[in-house]
Amino acid sequence: PPVYTQRYSLTARIFEQKKLLGGCKKIVDFGCAEIALFNYVKQAEGVEEYIAVDIDQELLNRYSCRVLPLTFDYLSDRTHPFNVKVLCGSVAEPDSRLFGTDVVVAIELIEHLYPEPLEDLPFNIFGLIQPDVAVFTTPNSDFNVLFRDLIGFRHDDHKFEWSREQFKDWADNLVVRYPNYEVEVSGIGPGPPGSEHLGCCTQIAIFFRKGPRNHIDDVYCKETYKLIRNVDY
Ligand code: SAM
């Protein structure tokens with residue numbers, strides 16, 4: 001399967017594992033774009049809340065209808081309530097509706113961030129939301145030599161593409177700053193035989209919270225994102 005579906009499938013496996021480990025009820029999907037992850041979320045058992053966030057309101061206006069129930073969804077009764085919200089906002093800024101999330105997902109998001117939001121993202125995710133698990137994926141620039149016609153980055157809007165060493169440095173540094181977390185870094189989408197030394201097409205970092213959440217100061221308990229859609233299944 002193409003690498004983008006491998007990214008979603010691996011993320012869906014994390015939802016399943018998380019469920020076995022005590023629950024995956026609330027999921028936040030930062031940089032949700034066309035909200036493609038939603039189909040995987042809908043199939044994951046036990047999920048009660050899904051919040052899709054993107055900074056691009058035009059994109060959300062166009063694609064937020066994807067979270068509406070389909071005829072198929074009326075055929076089987078859910079055993080749990082399921083609330084879906086689509087919010088317009090930045091991963092760099094807090095919104096109290098995201099607190100208490102079990103799994104935060106940011107698939108192919110960080111490479112679209114300028115230095116300032118990239119610098120502010122960790123406090124929002126690891127300092128405030130403090131999910132049990134946080135998943136980040138990003139291109140592996142070591143792998144780019146395999147794209148014969150590639151000049152520059154893989155996408156016009158990428159602000160950077162990191163080597164495996166750079167991504168690992170970023171992840172390791174975050175667990176130093178947020179010692180309540182540990183991290184595992186690996187790859188998705190291996191290249192052809194003989195290219196093993198370049199790693200995989202996509203890199204993934206999975207952060208796990210080790211202890212209870214820290215107290216959140218009241219000043220952060222505000223709803224700052226714009227509600228685009230709110231659906232109860
Ligand atoms: N996660 C999507 C998926 O799996 O299909 C793809 C993500 S797309 C490559 C990157 C998205 O990040 C874009 O939709 C862009 O609008 C969004 N984005 C950029 N800066 C952001 C920010 N500060 N906060 C939230 N989303 C942002």
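**Note on the predicted model: helices, ligand site and selected residues**

1. Helices here are DSSP runs of H or I with at least four residues, strands are runs of E with at least two, and both are numbered from the N terminus.

2. The model is predicted: local features need pLDDT of at least 70 and side-chain atom pairs count only at pLDDT 80 or more, whereas totals for chains, interfaces and linings use all residues. Residues are numbered from 1 along each chain as its sequence is written, and side-chain values use heavy atoms, with hydrogens and water left out.

3. The length of helix 4 agrees with expectation: its 15 residues should span 21 Å at 1.5 Å a residue, and its end C-alpha atoms are 21 Å apart. The expected span of a helix is 1.5 Å times one less than its number of residues. Directly after helix 4 comes Q130, with a positive phi near 50°.

4. Helix 1 covers residues 3-20, 18 residues in total, and reaches 26 Å from its first C-alpha to its last, close to the 26 Å expected at 1.5 Å a residue. Its buried residues are T5, R7, Y8, T11, A12, I14, F15 and K18. An α-helix has 3.6 residues a turn, so residues three or four places apart point the same way. The buried residues of helix 1 pack against strand 1 (26-30), helix 2 (38-43), strand 4 (103-107), strand 5 (133-139), strand 6 (181-190) and strand 7 (200-209). G22 follows helix 1 and has a positive phi, near 120°.

5. Apart from neighbours within four places in sequence, R7 is in contact with I107, E108, T137, I188 and T202.

6. E108, one of the contacts of R7, lies in the loop between strand 4 and helix 4 (115-129). E108 has a positive phi of about 50° although it is not a glycine, and at 18% relative accessibility it counts as buried. I35 also has a positive phi without being a glycine, with a value near 60°. I35 is found in the loop between strand 1 and helix 2 and is buried at 2% relative accessibility.

7. Around the ligand there are 16 residues, of which Y8, G31, D54, V91 and I107 come nearest; a residue is near a molecule if one of its heavy atoms lies within 4 Å of it. Polar contacts are pairs of N or O atoms within 3.5 Å; within protein, one atom must be able to donate a hydrogen and the other to accept it, and residues adjacent in sequence count only if both atoms are side-chain atoms. A nitrogen atom of the ligand is 2.8 Å from a polar backbone atom of I107, and a ligand nitrogen atom is 3.0 Å from a polar backbone atom of V91. A polar side-chain atom of S90 lies 3.0 Å from a nitrogen atom of the ligand. The protein covers 84% of the 610 Å² of accessible area that the ligand has on its own, by the Shrake-Rupley method with a 1.4 Å probe.

8. Two residues of strand 3 (83-88) may be read together. N83 lies in this strand and is buried, with a relative accessible area of 12%. Its side chain makes a polar contact of 2.9 Å with the side chain of D232. Not counting residues up to four places away in sequence, N83 touches E48, E49, Y50, N230, V231 and D232. L87, also in strand 3, counts as buried at 0% relative accessibility. L87 and R229 are 142 residues apart in sequence, yet their C-alpha atoms are 7.2 Å apart. Beyond four places in sequence, the residues that L87 touches include I51, V53, L60, L98, Y225 and I228.

9. With a disulfide defined as a pair of cysteine sulfur atoms within 2.5 Å, the count comes to 0. C200 is in no disulfide, as the nearest cysteine sulfur, that of C201, is 8.3 Å away. This distance is too far for a bond. Both cysteines are buried: C200 has a relative accessible area of 18%, and C201 one of 11%.

Definitions and conventions:
Buried means under 20% relative accessible area, exposed over 50%, partly exposed in between (1.4 Å probe, protein chains only). Contact means heavy atoms within 4.5 Å.
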